[in-house]
Amino acid sequence: MVAGKFSAGYGTDGGNSLALLEVHNLRKDFPVRKGLFSGTRGSIRAVDGVDFELREGETLGLVGESGCGKTTVARCLLRLIEPTEGEVLFEGEDLLKMDREALRKVRARFQIIFQDPYSSLNPRMNVGEIIAEPLRNHTRSSRGEIRDRVCFLMEKVGLHPEQARRYPHEFSGGQRQRIGIARALALNPRVIICDEPVSALDVSIQAQVINLLVQLQEEMGLSYLFIAHDLSVVEHISNRVAVMYLGRIVELATDQELYRNPQHPYTQALLSAVPVPDPEVQQRRIVLQGDVPSPLNPPSGCGFHTRCPERIDLCTNEVPAFRDLGNGHWAACHLR
Amino acid sequence: MTEKKKSNELQSYWSGNRELRRRWAKLRRNKAALFGGVLILIYLFTALFGPILYPGNPSAPNLIRSLETPSRQHPLGTDELGRSILGRIVHGSRVSLLIAIGVVSLGLLLGVPLGLVSGYYGGKVDFGIQRITDTMLAFPGFLLALALVAVLGVGLKNTVISVGISMVPIYIRLVRGCVLSVREQVYVEAARALGTRDVAILMRHILPNVMVPITVQTSLGMGTAILFAAGLGFLGVGVQPPTPEWGAMLGSGRAYLFHAPHVATFPGIAIFLAVLGFNLSGDGLREALDPRFKL
């Protein structure tokens, strides 16, 4: 597939800003071994043909329930795990074809913030060292320059530069996540993957961190791929939202369109579960039957047909195409 | 001035020393470890200041006074050549310390990098290193050292090399196991995402987080090294006479075990106390440093 200027523009509302990151047909299989001496028994298809693009300055939300492959997508994009196949074009270059050194250099402009602020910081390094690490990796700055930059970054994310000598265990969860953000910002990246950056935090702290991310985006022109399972958080921060189910994106639209006019039955069920803070509103809650099928043995046809309230015969046989329903609203469902 | 002092105190209080201090407090409460530490201190003191404590050549024979029982002049008696046993133990402590340090350094120098590489990279490199390690661990440690001496020959240098190499697989296994768990930590993944090179990841992120078990093993390894070296000396294939070496002294005293038991007993006690010291403090360190033993 020729990428870049000819790309379809999944779920965009006709805007013509340039795609910074394009993902085509991304797949990741995890082999499942039987025993010590036998070969592989099969594989878990964690990510099964994901396509999307991320445009300059926007936030693309990626939602879905636990185990649907959101985090696997994030790790595949940065090649923290190797995808089985697909294309990841960052600024027009395919990351999956790069050698180690080229990839290392690209990572300066393509960063990630991790879910768990407790395990993502080395307990034996102090905060100054943690934030300085990307600078030491990618620049030839002097000690003084690095120190100035670390102080600047700490202030930027709302930490006191005097705390640079402290160790991660002396900070609260929200502060630790700010350290993680400062580290990701160190080299002025263009794209940051936020892998559930607030789901490990208290609700009161979540808003602070989200607001910080929004503010940084405005100041530094960042693009976010914002992964979450909390729909209200995603609605607050995203320009567009993609919904994942069993390793596939089932729906993708601008956030207003998606929340007001969900097309895919899964998205409808998901949104009906979001509580509305108004006692007058009568909600019609769609309760899905059954569990998420095992990715070890995924259902035929549409991955959602085992639980779909609107299932027709076609759904069990044929995988629905991911189609543009007009207005930049994409969905993978035979009935739409 | 007091202001500055106070802020300094606050600084050190906050910069991670609190954790260290609690560990140290825990170590101090452990009576066995403390006793081990005292033994090590005595041992180190003896080794460092031996020639001052007991001047003269400990190997000069004086056949007229052979096999004397303890007296004022020779507090631990004399051996078959009339040499003071105390003097030889004091000078022998230098030899055994030298061996222990050499052995442990060799073990660390070869074992730690190989363990790091093996655990971090995995795959074929790991497979290769681990099969060699398996082969070496299949031999009882002392037998391996003995076999190496058979190849290399006797003497101080070869004792260090053979005992050191026989300890390398222990370090490889230990470090590899720890690396396998640290490697999966999110902060290691984060470092890769930040574009940190492998060498820097190993040095900055992995090594500092596997230092605790290495430290413990180093203390235990010193004891084992002294014991192995003494074993080789006892069999007559370690450090050669007339150098005063505890194992060799034990070996030569064995012939007089019935009518002059002190000749073999006192070097034996010296070996026992030195090894005991390192083992007790090693166990204490493990208890104090292992995060699984919660404070």
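Visitor: How many residues of chain B are in contact with chain A?

Guide: In this predicted model, 22 residues of chain B are in contact with 29 residues of chain A.

Visitor: How is the size of such an interface given, and what is the area buried between chain B and chain A?

Guide: The size of an interface is often expressed as the accessible area that is lost when the parts come together. For chain B and chain A the buried area is about 2,400 Å², and carbon and sulfur atoms give 48% of that area.

Visitor: How many salt bridges does the rule find across the interface of chain B and chain A?

Guide: A salt bridge pairs a side-chain nitrogen of Lys or Arg with a carboxyl oxygen of Asp or Glu, within 4 Å. The rule finds 4 salt bridges across the interface of chain B and chain A; among them is the one between B:E189 and A:R75, where the closest N and O atoms are 3.2 Å apart. Across this interface there are also 17 residue pairs in polar contact, with both residues at pLDDT 80 or more.

Visitor: Which element of chain B gives the most to the side that touches chain A?

Guide: On the side of chain B that touches chain A, at least two residues each come from α1 (2-29), α7 (186-193) and α8 (198-234) of chain B. Of the elements of chain B, α7(B) gives the most to that side, with 7 residues. Sorted by class, the side of chain B that touches chain A has 9 nonpolar, 7 polar and 6 charged residues.

Visitor: Which residues are the closest to the centre of the second largest pocket?

Guide: The second largest pocket holds about 830 Å³ of space. Its lining has 27 residues, and those closest to its centre are A:R79, A:L80, B:Y120, B:R192 and B:D198. By class, the lining of the second largest pocket has 9 nonpolar, 3 polar and 15 charged residues.

Visitor: Where does A:R79 lie in chain A, and what is its phi?

Guide: A:R79 lies in the loop between α1 (70-77) and β4 (85-90) of chain A, and although A:R79 is not a glycine, it has a positive phi of about 55 degrees.

Visitor: Is the peptide bond from B:P241 to B:P242 cis or trans?

Guide: The bond from B:P241 to B:P242 is cis, with omega near 10 degrees, and B:P242 is placed in the loop between α8 and α9 (246-253) of chain B.

Conventions: Residues numbered from 1 in each chain as written. Chains lettered and ligands numbered in written order. Predicted model: local features only at pLDDT ≥ 70, side-chain atom pairs only at ≥ 80, totals over all residues. Heavy atoms only, no water. Contact = heavy atoms within 4.5 Å. Buried area = accessible area lost by both parts, 1.4 Å probe. Polar contact = N/O pair within 3.5 Å; in protein donor to acceptor, adjacent residues only side chain to side chain. Helix = DSSP H or I, 4+ residues; strand = E, 2+ residues; numbered from the N terminus. Nonpolar A, V, L, I, M, F, W, Y, C, P; charged D, E, K, R; others polar. 1 Å grid on protein atoms, 1.4 Å probe; cavity = no way out; pocket = protein on both sides within 12 Å on 5 of 7 lines; lining within 4 Å. Points joined across faces, edges and corners; volume = space filled by probe spheres on them.
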